[in-house]
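Morning, everyone. Please have the sequence and the model open, and follow along with me.

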Amino acid sequence: MTDSPLLLDCDILVGHDVTTGRWGRPENVAKVLTDSGISGGVVSALRAVHFDVPSGNDEARQVADGNGWAMCPVLDLRDPLGAEKELERQLARDTPPRAVRLAPAAQSVEPGYPAFGHVVRLLVDAGLTIFTEGDVRKVGPALRGLGARVVFLDTHFYYLGDFVLLARSEPGFHTSTRMLTGPDSLEIVAAEVGAERLVLGCRTPFHETRSVIRRLLTSKLSADEIAQAGSRSLETLLEPAC
């Protein structure tokens with residue numbers, strides 16, 4: 001892949017996946033990225049998603065610093081008051097994060113719950129990009145009308161039309177490429193709302209990283225559009241809001 005454009009994964013995870021029993025050990029994650037031609041990306045810790053937010057976020061920061069990646073803290077939607085404190089702690093750092101990951105399904109918090117809306121408003125007010133897991137048809141409507149910058153990490157090909165309808169009226173809405181492996185799925189997003197709405201996401205090492213990369217590099221997108229989706233979209237999302 002020496003001729004490949006710069007590739008950055010917006011969806012790197014380290015730690016123990018309690019649903020499958022698999023581990024994302026940092027050294028193995030780094031090897032998968034290298035073997036797949038990915039230069040880096042944004043990492044979060046599963047420990048923060050499932051168990052202990054502060055120690056999980058500290059783990060993610062350590063891994064990010066050690067590998068030259070960006071760190072994406074997680075907030076606990078089950079504990080909105082705790083989320084306030086953790087966000088304050090993260091923003092007080094010398095190098096505060098530019099994005100926060102939300103996991104409403106893993107934390108059993110519906111997008112219509114008061115806690116979800118409260119945490120989202122905190123993130124929008126702080127000018128942070130939101131990386132959110134979950135069904136775009138459920139999470140997307142809860143994020144409309146807020147001026148939010150969002151990357152939907154779990155947009156499935158089956159629900160591509162739902163994403164496009166949301167993105168047409170929400171310039172801050174983006175989608176990970178991970179599950180857009182259906183016919184012309186990437187091309188449809190680029191044609192409807194622009195390649196700048198595509199963000200390379202592989203969920204390394206818990207998904208088929210090479211398949212996601214292969215799908216992007218062999219798509220019908222132009223070389224410039226591939227470069228946009230491969231890294232430039234993510235780089236823009238990690239810049240401070242104007």
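**The sheet and what packs on it**

Let's start with the open sheet: four strands, mixed pairing, in the order S2-S1-S3-S4. One reminder before I go on: this is a predicted model.

Look at the edges. S2 sits at one of them and strand S4, residues 70–71, at the other. Each has a single partner strand, so one side of each is left without a neighbour in the sheet.

Two helices to point out here. Helix H1, residues 26–35, packs on the sheet and touches S1 and S2. The direction of H1 makes about 155° with that of S1. Helix H3, residues 53–67, also packs on the sheet, and H3 touches S1, S3 and S4. For H3 the angle is taken with S3, and it comes to about 155°.

Now S1 itself. Is strand S1 enclosed or open? S1 covers residues 8–16, and eight of its nine residues are buried, so the strand is largely enclosed by the rest of the structure.

Who are the partners of S1? A word of background: strands of a sheet pair through backbone hydrogen bonds, either parallel or antiparallel. With strand S3, residues 40–45, S1 pairs in the parallel sense, over five bridges. Find Ile12 there; Val43 in S3 stands opposite. With strand S2, residues 23–24, S1 pairs in the antiparallel sense, over two bridges. On that side, Gly15 has Gly24 of S2 as its bridge partner.

S1 and S2 form a hairpin, with six residues between the two strands. Check Gly21 in the turn: its phi is positive, about 80°.

**Rings**

Next, aromatics. How many aromatic pairs does a search of the whole structure find? Four. I'll show two.

Pair one is Phe152 with Phe163. The geometry is edge-to-face, with 6.2 Å centre to centre and 70° between the planes. Where do these two sit? Phe152 is in strand S7, residues 150–152, and Phe163 is in helix H7, residues 160–169. They are eleven residues apart in sequence, so the pair ties together those parts. Phe152 is buried, at 0% relative accessibility. Phe163 is buried too, at 0%.

Pair two is Tyr158 with Tyr159. Ring centres are 6.5 Å apart and the planes meet at 80°, so this pair is edge-to-face. Buried or exposed? Tyr158 counts as exposed, at 64% relative accessibility. Tyr159 is partly exposed, at 26%.

Back to the phenylalanines for a moment. Ring pairs link Phe152, Phe163 and Phe173 into a cluster.

Two arginines also lie over ring faces. Arg137 is over the face of Tyr159, 3.6 Å from the ring centre. Arg25 is over the face of Trp23, at 4.4 Å from the ring centre.

**Salt bridges**

Last topic: charges. The whole-structure search gives 16 salt bridges.

First up, Lys31 and Asp35. Their side chains meet at 2.7 Å, N to O. Both are in helix H1, four residues apart, about one turn of the helix. Lys31 is exposed, at 52% relative accessibility. Asp35 is partly exposed, at 37%.

Then Arg121 and Asp125, with a salt bridge of 3.4 Å, N to O. Both are in helix H5, residues 114–125; they are four residues apart, so about one helical turn separates them. Asp125 is exposed, with a relative accessible area of 58%. Arg121 is partly exposed, at 36%.

And then Arg203 and Asp154, at 2.6 Å, N to O. Which parts does this pair tie together? Arg203 is in the loop between strand S9, residues 198–199, and helix H9, residues 209–217. Asp154 is in the loop between S7 and H7. The two are 49 residues apart in sequence, so the pair ties those parts together. Why do we call both residues buried? The cut-off is under 20% relative accessible area. Arg203 has 14% relative accessibility, so it counts as buried. Asp154 has 17%, so Asp154 counts as buried as well.

Both belong to a network. Salt bridges with shared partners join Asp11, Arg101, Glu133, Asp154, Arg178 and Arg203.

That's my tour. Over to you.

Conventions:
Residues numbered from 1 in each chain as written. Heavy atoms only, no water. Phe/Tyr/Trp six-rings, centres within 6.5 Å; stacked < 30°, edge-to-face > 60°. Buried < 20%, exposed > 50% of the residue type's maximum accessible area, 1.4 Å probe, protein only. Lys NZ or Arg CZ within 6 Å of the ring centre and 35° of its normal. Pairing = 2+ DSSP bridges. Contact = heavy atoms within 4.5 Å. Axes fitted to C-alpha atoms, helices over the stretch in contact; angles between N-to-C directions. Salt bridge = Lys/Arg side-chain N within 4 Å of Asp/Glu carboxyl O.
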